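Biologist: Before we go through this model together, could you show me how to read its features one at a time?

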Amino acid sequence: MLSMIRREMIYLWYYFEIQFRQIFRYWVLGMVLGSAVSVFLKDRIHDIFRSLGDRKPGIAGTAAASALGIASPLCMYGTIPLAASFSRSGIPDDWLAAFMMSSILLNPQLIIYSAALGRTALIVRILSSFVCGIIAGLLLRIFFHGKKFFDFHGFEEPVSHDTDPNVVLRFVKNLGRNIKATGLYFLSGIVMSAVFQRYVPQDVMTDLFGGNEAWGVLMAATIGVPLYACGGGTIPLLQAWLSDGMSIGSAAAFMITGPATKITNLGAVKIVLGTRRFLMYLAFVAAFALVTGMMVNVFFTS
């Protein structure tokens, strides 16, 4: 019995070590880049967004807002007070929707993490997040023109933790907070990946998530809801699943529903939407994930 347990531990360590060596450099680079953007570029990114309100670029502002949402390093609980500040500055709700939607799905740190999945998955993730933000903004522009969609009552400007006068210490402290916030999820994701690789046969993953079928995309979008706790923590899982036969479209659906329905993000979004519009948000995420997953499969696996 002890010899069997020891053997299984050796196998799990083998898979863990391989995954760790493949992912670790992306995690470190993501930590460094995320902290650098947060300390040195965050205010500049948000000032650019505020300045769009003065230029009034129309629909083009929706695309710009989506791109700036991806560039913003804030989590959703930091993004919503910021969006409230933008709203008071005169930024329209359709631009805010684009900014907040893409910000939920992606940030500079997660872009680096996702590079571990390969060029195709990285491109799909960036483009789908960008397009999702644009579509969210356009839908508000079409169906809620002249109406307030968000309720930012009671939200004040987010408090910055990057206040140390020494710029080096400011960066180091931010990096420490980043590591503390993501490190456990990162290691947990690798452990889960090792368990999947050891005990879940490859043909099971292929049957569930492979091919061009809508079923695989639907399954991936569905499991993205309970499994997604931290972006960095899901990268090892996705890498293992893709190598075991998951289609790129299924991965795209997972990468959309996961962050969009992460419990902390849902709590933040529910606050500013109310029940009816919150349900509309969930329906939009589900529909976009399914359509995107199927379209990605057509374009990248045909």
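Modeller: Gladly; bear in mind that the model is predicted. We can begin with phenylalanine 150, which, leaving aside its neighbours within four places in sequence, is in contact with Asp93, Leu96, Ala97, Met100, Leu140, Val272 and Leu273.

Biologist: Which residues have the most contacts inside the largest nonpolar core?

Modeller: In soluble globular proteins, nonpolar side chains tend to be buried together. Here the largest nonpolar core has 47 residues, and those with the most contacts inside it are Phe49, Met101, Phe150, Phe152 and Tyr281. Several helices each supply at least two residues of this core, among them H1 (2-55), H6 (119-143) and H12 (263-301), and H12 gives the most, with eleven residues. There is also a second, separate core of 33 residues, which includes Ile23, Met31, Ala116 and Leu175.

Biologist: What space lies in the second largest pocket, and which residues are closest to its centre?

Modeller: Rolling a probe the size of a water molecule over the atoms shows where empty space is left. In this model, about 320 Å³ of space lies in the second largest pocket. Of the 17 residues that line this pocket, Ala136, Leu140, Phe149, Tyr281 and Phe284 are the closest to its centre. The lining divides into 16 nonpolar residues, no polar ones and one charged, and H12 gives the most to it, with seven residues.

Note on methods
Residues numbered from 1 in each chain as written. Predicted model: local features only at pLDDT ≥ 70, side-chain atom pairs only at ≥ 80, totals over all residues. Heavy atoms only, no water. Core = buried A, V, L, I, M, F, W, Y, C linked by side-chain atoms within 4.5 Å. Buried < 20%, exposed > 50% of the residue type's maximum accessible area, 1.4 Å probe, protein only. Helix = DSSP H or I, 4+ residues; strand = E, 2+ residues; numbered from the N terminus. Contact = heavy atoms within 4.5 Å. 1 Å grid on protein atoms, 1.4 Å probe; cavity = no way out; pocket = protein on both sides within 12 Å on 5 of 7 lines; lining within 4 Å. Points joined across faces, edges and corners; volume = space filled by probe spheres on them. Nonpolar A, V, L, I, M, F, W, Y, C, P; charged D, E, K, R; others polar.
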